[in-house]
Structure formats: structure tokens, C-alpha cells
Amino acid sequence: MPNTTTIFTGGSVLVDLNLGGDEATMSDALAVQGHTIVALGDDAKALMNEPGAEVIDLAGGVLTPALGEGHAHPLLAGFETLGPAIREASDLDGILDAVREWKTSHPEDEWIVGASYDATFAEGGLFDARWLDEVTGDTPTILRAWDYHTAWVNTAALRAGGITSETPDPELGRYVRRADGSPMGTLQETAANNFLAEVVPPYSLEMRVGALEHATRVYARQGTTWVQDAWVDPENIEVYLAAARADRLHTRVNMAFRADPALWREQVAEFSAARAAVRELGHERLSGETIKFFLDGVVESHTAALIAPYADKPDERGILNWSVDELELAMRAFAEAGFQLHLHAIGDAANRHALDGLEAIADITTPERPHVIAHVALLHPDDVQRFGELGVVANFEPYWAQCDAVMRDLTIPHLGHDREGQQYLIRSVLESGATVSFGSDWPVTTEDWRPALATAIDRRDPSETGSTPWLPEERVSARQAYAGYTTGIARQALAPERGTLTVGSTADLVWLSENPTEIDVAKITGVQVHGTWLAGHRTH
């Protein structure tokens, strides 16, 4: 990239959120040369007359640090464009109509694959294969729930997978059954994931690269320049390498390779080799520095690991995917190999399990390479302070911190009201001294940071500002919330040169119509993105 000079004027520049002070650091101009911010204020304006300098008028808007995405699944999000649009359905009939329409318009498809259906459309989130049979006939069909821990299949798909009344549940998974023992058609955890990996035909490499490119374009359009793909299996590493070689990544992506409880010993070498291949490629927008651990499932399917039993299933405490000893051994092995750890933990038992493991490897953990616990959905009060004490990055998905239909109809009934107030303790964890980063878990929920930012600030659906905030004592300030997408992400991304617009920082910038840290929370969802720059290169 030529070492050109670009000067931004005509608006405001959010240089640093300055969380320790009363006001953020602001300026009225910023200059970039190549990849780097070189001047602010009058020093930036003085460069406007340089030969070849480009001046961008912010038209009264604001330039802020570009945003990051602390936990998402861009490949899965891209795949949703390759099947029936079931996410748009407002009820069960809407899902079936979308599948029927897809089958009619794609009669040559040997399989129908789609996502993400709303699990609240059936009692207990349990869906019957026979409902799909009515619109799919003998075409094997699999639909993933929005939580991506559950799938719904038709009878033809069950037949293709050889799943019958006699088929035992896989380890760490369930085939939900009817009263007579026959498989109902709802697959949970590894039952769903193994079916997709072993039975459903994969997309071609070109289709997967195209899906990934689509997802990164979506991120560039909303001002995002770094994404943590929080679930990369070995077969998808080549997708990322191919996309990078072809310059089809429109944001940075860091891959988190999924550690398998049964295979992790071999994976230490396998993933080290994959990381070496990424480093050898040397593409600025691709890295593979992280290992993903799934510690448990999700509350809505009773697979999140709980300290005390579920309120509506007193004999059930969920699924803990790793034993204490195996988790510590695996975490230590990957950390000693130089990887950052990224641990999915929903239930309070899983979060405690994650913290115990991180405490056990504290002797080989440094502040420069912090580990991450993602979601932190249900947290026992005794464990809050441990986040700060251990230097953990707590990655929350703030859009979930509201009492929506899923929370009201599934989550709270499963947990019980005594544990309702222990969910998404963003403020408490922040006050423990921990770094908080934000993500979306897209395509589980919207990738758009604007409604999520508003939810973190207000703890309610941004479209329902007249409603009562949920657990309002856990609200955070607008600056604290924006830091979750900027400085918090920079620490998670192991990128201290990003997250602010100070001189010498990497020029990751987003031009917004208004400053989201200063306007009324009700207006945040209406903020417009006018431009995105990644290391000085305009991506939107």
C-alpha cells in the first residue's frame, strides 16, 4: 500500500474512551499515513497541503476506533444464505412454508440444509420429524436451531443417518425420543454436530469460501475490522487459507481451533502445524492463535452445566464436556504450545470449571496473552471476583442481556427465579477488574453491534424503550459498553496497537453519523456507518 496521507476533518474524533476519567479524549482532525495514525488536531490539519494528500470531510459525524467481534461463527452465518430462510419465520408454520418454498424452487437438491429456527415455536424447544415430512417428503432435511447446539431433522434424514429406536445416544449428546422410544427428530449437542459432520454432504470449497466472504463483507459494512471465529474444525482451515490467498477476507479473522475431548492430545501438534501454515502465508487478515473449548451446552436444551439441578428437571444438571483433570491437562498443553484459550461456558458449573482450569495454569499465563471465557451466561456470585484476580477476558454477548421470549419462555423456567439474577453480570465482572469484550455469537443472534450496545447500556430490547430494564443493576455506561467493542477487543485480539486512535496506533477506523457514547440510548440503533478502514485501507 502506498504511503499516502489521509486527513479526516469536519467532525469529531473519538481518540480514547479514557475509562478512568470523567471525559473521553476527543479531537477535531486525524491523519493517517500508510497503516498508521500519525497526527491529531492541528498537527493533522497541517498535513492537508502535502502533495497527494486526501482529505475526507466527516460532515459533522464522528471518527472512532473500528469495532471488533469477540465471538462469532462467520462461516455458519454465510451458510445460512445457502438454504431456506427459516430465521425470518414468525411461527412454526412460517418455518414449514420456507422449507416448502425451498424444495419447490430447488427440486434437484439431494438434501435441504438450513438454519436458524426459533426454538420457542415448539413446547420445550422439541420439534418432530413428522412436521418436516409434510413439506419435504423423502428429501433428507436438517435445520439448525438458532442456538447451533440443536438440530431438527425429518424422517428421511434419520433414515440416512441410521438412527432408530435402538440407536444409543452419542457421548455428550442426545437423540430426543418420543414416549415409545423412537427418535423424535430433535438432536442435541454432539448428536447434532456429529450428524452434520458425518451424514450431511459438505458444501464445496468454493461455496464455503463464498459464504465466508459474504460474512466478512457484512462485518466491513458495519465498521468491524477483527472477528474471532470461535469454532473452526480441521476441515474448514483450508477454507480460510483459500479465502486469504484470494484476498476474499474483508475483515481480520482469528481462527479458534476446536479442541476435541477425545482427540486433543493429537490436536496439539495438528493445530500447531495449522498455525504455522497461517503464519507462513503471512496474510495480515488471517491468524490462528486460539484454541476453543466447549465446556458445556446451553440452558434452553438443559445441556448447560449447572451447580444445582434445573428447576424444571430436578434430576438434571446438564452436560459437562470435560472432566476436571482432562481439562487442566489439555489447557496446559495448548497454553504451553503458545495458544490463547477461548472457553465456551454457559452454566455456573461450566464457568467455575473454566476459572478453576485457568487458575491451575496461572503459572504459564501472562498479561500479554490473556485467556478468554466466552458467554459467562450464568455466574455464581462466589466466582465474580475471580475474573479480575485471574486477568481473564470475559467475553459477553450483550444482546442476550434482556428478558426476551427465549429468556421468558425457556431460560428462566429452566433455571428458576432464584438464579435469574445471576445472568450476564457485565457490570459486576467489569468491577472485578477484568477486561470485558463484546461479541454477538452471530448467527445465533444479530451481528449488528448497535442494538447489542444499547442493550448493554439499558438491559432491555432497544425497540421497547418503554419496557422495564432487566436486572438494571448490571447496566454499564455507554463508554464502558463501547470499550467492549474497542479496547476490550484489542486485548482479546492480542493487539495493543489497536482499540484507540492515539498517534502511533494502527489506523482501524469507523466513520459514524453520531457518537454512540454521547447520544440517547434510544438513538443508538439509528447510527449510520459511513466508512470503515482496516489498517488505513478502506473496506467500506
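Contact is defined as heavy atoms within 4.5 Å. Among contacts in the protein chain between residues at least 6 apart in sequence, 73% join residues at least 24 apart. The structure is a predicted model, in which local features need pLDDT of at least 70, side-chain atom pairs count only at pLDDT 80 or more, and totals for chains, interfaces and linings use all residues. Residues are numbered from 1 along each chain as its sequence is written, and side-chain values use heavy atoms, with hydrogens and water left out.

The protein chain contains 18 helices and 23 strands. These are DSSP runs numbered from the N terminus, with helices (H or I) of at least four residues and strands (E) of at least two. The radius of gyration is 23 Å, close to the 24 Å that the globule rule gives for 540 residues, so the protein chain is as compact as a globular protein of that length. This radius is taken over C-alpha atoms, and the rule is 2.2 Å times the number of residues to the power 0.38. Along the principal axes, the C-alpha atoms fill a box of roughly 80 × 55 × 55 Å.

Of the 540 residues, 59% count as buried. Buried means under 20% relative accessible area, exposed means over 50%, and partly exposed lies in between (1.4 Å probe, protein chains only). The protein chain exposes about 20,700 Å², and carbon and sulfur atoms supply 49% of this area. Accessible areas come from the Shrake-Rupley method with a 1.4 Å probe. There are 40 positive and 81 negative side chains, and the centres of the two sets lie 1 Å apart. Lys and Arg count as positive, Asp and Glu as negative; His and the chain ends are not counted. Each charge is placed at NZ of Lys, CZ of Arg, CG of Asp or CD of Glu.

An open sheet of six strands has the order S3-S2-S7-S21-S22-S23, with mixed pairing. Strands S3 (25–27) and S23 (537–538) stand at the edges, each with a single partner strand, so one side of each is left without a neighbour in the sheet. Two strands pair if DSSP finds at least two bridges between them. Within this sheet, S2 (residues 12–16) and S7 (residues 62–65) run parallel and are joined by two bridges. Val13 stands opposite Leu63 in S7.

A hairpin is formed by S12 and S13, with five residues between them. S12 (residues 173–177) is mostly covered, four of its five residues being buried. It pairs with S13 (residues 183–189) in the antiparallel sense over four bridges. Arg174 stands opposite Gln188 in S13. In the turn, Gly181 has a positive phi of about 90°.

Glu101 is found in helix H3 (residues 92–105). At 58% relative accessibility, Glu101 counts as exposed. Ala269, in helix H9 (residues 264–281), is exposed, with a relative accessible area of 54%. Ala269 and Leu158 are 111 residues apart in sequence and 35 Å apart in space, C-alpha to C-alpha. Gln422 lies in the loop between helix H14 (417–420) and helix H15 (426–431). Gln422 is buried, with a relative accessible area of 17%. Leaving aside its neighbours within four places in sequence, Gln422 is in contact with Ala377, Leu378, Leu379, His380 and Pro381.
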